[in-house]
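Q: Please take one surface part of this model and go through it closely. Then set it against the charged pairs and the chain as a whole.

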Amino acid sequence: MTDNDAAGRLPSLTGLRFVAAAMVFTCHIAVITTFIEGSTGSFIARTFPLAGPYGVGFFFVLSGFVLTWTARAGDRTTSFWRRRMVKIYPSHLVTFALAAVLGVVAGRATGLLDWVTNPLLLHSWVPSLSTSTSFNGVSWSLSCELFFYLAFPMLLPLVNRIPASRLWWAVGALAALMAGAALIATFLVDDQPRLTIIASGTLSFTQIWFVYFLPPVRALEFVLGMVLARIVRAGRWPRIGLLPAAGIAVLGYGYVLSAPYLFATGGLASLWLVPLIAAGATADGRGRASVLRHPALVRLGELSFAFYLVHWMVVVAGAQVVGPDRRFGPLGSALVVAALLGVALALAWALHEGVEMPLVRRFGRRRPPDRPRRSGPPASPGTGVVRHPARDPAPISAMREVVDPRA
């Protein structure tokens, strides 16, 4: 969290972060492990292969929403970048080192390009399956987040210039660009050599990389979150409660499972998650009931970034320990999955408390902006935040602090 946490936390979004992280975990159980036998294993394999991409899309949209919601006039670009780097880089480097050791022990092949690009979070820019997913297989998303963070100080003024009456037009334009990216990947990107993808026929990795891994394409979801923050703040979001919004997200996932693969892994698929983010923020801002604010779920949400970083290694190691030929029934499978979840949560707690939070407390605090030399728009009482009435008329606009957006 940043400054003035008590002034306007949105804990429902914190709780939702763990729900999204749990989706990614379940996806990797479905596609990496083989120990769940019978109809249960078949159901999980059919139902959750795209839960991971769906959860990652949620994190990308949430990132843009949170950073726009908490943005303050006078914040220095270098200060913003410092806070973002402190949040993601130390934990990334620790998990990179752990993944490198596990990879060496397991004899996994890595190249010089992997060793150079992965620590620098540049590996998602490389159209190679082995490089993009090298070492800690989920860290490619941090490569995208790094790009988002570097671009945010330039993107925010552009998004803030959109008139309130045109914000929904901006959403439509972003959706069109997402559809355009999938069409470009389908018809213009080289489709050779083919890579077999679960439940989607065959595509080349370059086609998948263009839609799923390439940071500028995934930035469309980040900008969507930025525009969404302005829509909610401007009071232009329709009254959709948390339960209907969750229903839309579930129905959207059902559609994603039947959609062409390049239209189902990010981009357009993330549009189904927009109501859930907006409804969570609105419910907290107006004091509506929300099961997502339960203290246990909020605490898990606080651990979600660390959990996301460690869980892939835990699942891969667990699959290797169990072995490719061993099978368990429903009870045995549940116990194995619970054990893997418990180990991942324990490691996440250690990473969060031992690496992430100490460095955030030491280097990640927002510094007070320089005192303005000339008078400007009035500040919100008690917050020191410059208010822009023309862009910010909603009753919930006084809230500024939200959970950290970390994927």
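## A nonpolar patch and its setting

A: V104 is found in helix 5 (residues 77-106); helices are DSSP runs of H or I with at least four residues, strands are runs of E with at least two, and both are numbered from the N terminus. The model is predicted, so local features need pLDDT of at least 70 and side-chain atom pairs count only at pLDDT 80 or more, while totals for chains, interfaces and linings use all residues. Residues are numbered from 1 along each chain as its sequence is written, and side-chain values use heavy atoms, leaving out hydrogens and water.

V104 has a relative accessible area of 60% and is therefore exposed (over 50%; buried is under 20%, partly exposed in between, with a 1.4 Å probe and protein chains only). Together with L112, W115, V116, L120, L122 and W125, V104 forms a nonpolar patch on the surface. Such a patch is made of residues with over 30% relative accessible area and no salt bridge, with nonpolar side chains (Val, Leu, Ile, Met, Phe, Trp, Tyr) joined within 5 Å and like charges within 9 Å. The patch has about 690 Å² of accessible area together, by the Shrake-Rupley method with a 1.4 Å probe, where for residues only the protein chains shown count as cover. Helix 6 (residues 112-117) gives the most to the patch, with three residues.

For the charged pairs, the structure holds six salt bridges, each a side-chain nitrogen of Lys or Arg within 4 Å of a carboxyl oxygen of Asp or Glu. One of them joins D75 and R83 at 2.7 Å, N to O. D75 is partly exposed because its relative accessibility is 27%, whereas R83, at 3%, counts as buried.

R299 pairs with E302 at 3.1 Å, N to O. These two are three residues apart in helix 15 (residues 295-302), which means a separation of about one helical turn. R299 also meets E353 in a salt bridge of 2.8 Å, N to O. E353 lies in helix 17 (residues 330-363) and R299 in helix 15, so this pair ties together parts that are 54 residues apart in sequence. Through shared partners, salt bridges join R299, E302 and E353 into one network. R299 is partly exposed at 30% relative accessibility, as is E353 at 29%.

As for the whole chain, the protein has 17 helices and two strands. Of its 407 residues, 54% count as buried. The protein exposes about 17,700 Å², of which carbon and sulfur atoms supply 68%.
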